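Visitor: Please take a close look at a single part of this model, together with what surrounds it. Give the cut-offs for each term as you go.

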Amino acid sequence: MTCLPSQPTPKKLGLVIDLDVCVGCHACVVSCKEWNTGGYGAALSDQDPYGADVSGTFLNRVHSFEVVPEGAEVAAEKGHARLVHFPKSCLHCENAPCVTVCPTGASYKRADDGIVLVDEDMCIGCGLCAWACPYGAREMDIAAGVMKKCTLCVDRIYNETLAEEDRVPSCVRTCPTNARHFGDLADPSSAVSKMVVERGGFDLMPEQGTQPVNKYLPPRPKQHLEDVKPLAATDTSGAKGFFAWVDSVLERL
């Protein structure tokens, strides 16, 4: 079996995902698929991408849930319905069970930055790591016969030939709502660490004892429509030029 680093890693590189602003567009999923297929290891294969029984390998997925308001039995009862989009990939756990269960040493946690990776040359495709991961973050690539997972785009974040703003995971770079953030969660002064403290970031399934590095920021409370105060009427009688024209058009609507 594989051992975890004997000492806490000096860096804990990971993601902070803001569930309040994720719109479930799947841009991160598509970007991850494209980058890892074109620039890392073997391609992420698809068996039946357009058929009735879709099958393929993805390192990042987005799940969407209807949230039932407190005191209600269904989503739209006693309050407004809410849809939360929940991106999920490898959380690069400090106490990673996928690593300790690996019989060949293919799964390992880097001692310098805490990233959990798979050496595809050593992987025998036994699937034990997938069984051990409580988050379902491992994917068997059927065509390659090996297990694959999020690498935090290790081939991007240390690539000095890229512009500095591009040295982040592909999913972070492409997110249109800025819901995904990357940084060192071992550094309390880092932007991601401050974000976690300020917004009450939480671990996914802490009862598992895996100590995931990736954190989630909870959705903010939403105002009910009836509680929103209408905008005060504005006197536009003194408007001139373009604004006077806009005012006259609006009055005729």
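Guide: What follows starts with conventions and totals, then turns to one helix, its neighbours and some ring contacts.

The model is predicted, so local features need pLDDT of at least 70 and side-chain atom pairs count only at pLDDT 80 or more, while totals for chains, interfaces and linings use all residues. Residues are numbered from 1 along each chain as its sequence is written, and side-chain values use heavy atoms, with hydrogens and water left out.

The protein has seven helices and nine strands; these are DSSP runs numbered from the N terminus, with helices being H or I of at least four residues and strands E of at least two. Of its 253 residues, 38% are buried (under 20% relative accessible area; exposed is over 50%, partly exposed in between, with a 1.4 Å probe and protein chains only). Contacts (heavy atoms within 4.5 Å) between residues at least 6 apart in sequence join residues at least 24 apart in 62% of cases.

An α-helix has 3.6 residues a turn, so residues three or four places apart point the same way.

Strand 8 (residues 180-184) has four of its five residues buried, so it is largely enclosed by the rest of the structure. Strand 8 pairs with strand 1 (residues 13-18) in the antiparallel sense over five bridges, where pairing requires that DSSP finds at least two bridges between the strands. Val16 has His181 of strand 8 as its bridge partner.

Loops attached to these two strands each hold a non-glycine residue with positive phi. Asn178, at about 60°, lies in the loop between helix 5 (170-174) and strand 8. His26, at about 70°, lies in the loop between strand 1 and helix 1 (27-39). His26 counts as partly exposed because its relative accessibility is 32%.

The whole structure contains three aromatic pairs (rings of Phe, Tyr and the six-membered ring of Trp with centres within 6.5 Å; planes under 30 degrees apart are stacked, over 60 edge-to-face, the rest tilted). Phe86 and Tyr216 form a stacked pair, 4.5 Å centre to centre with 25° between the planes. This pair joins distant parts of the chain, with Phe86 in strand 3 (residues 82-88) and Tyr216 in strand 9, 130 residues apart. Phe86 and Tyr216 are both buried. Ring pairs link Phe65, Phe86, Phe202 and Tyr216 into a cluster.
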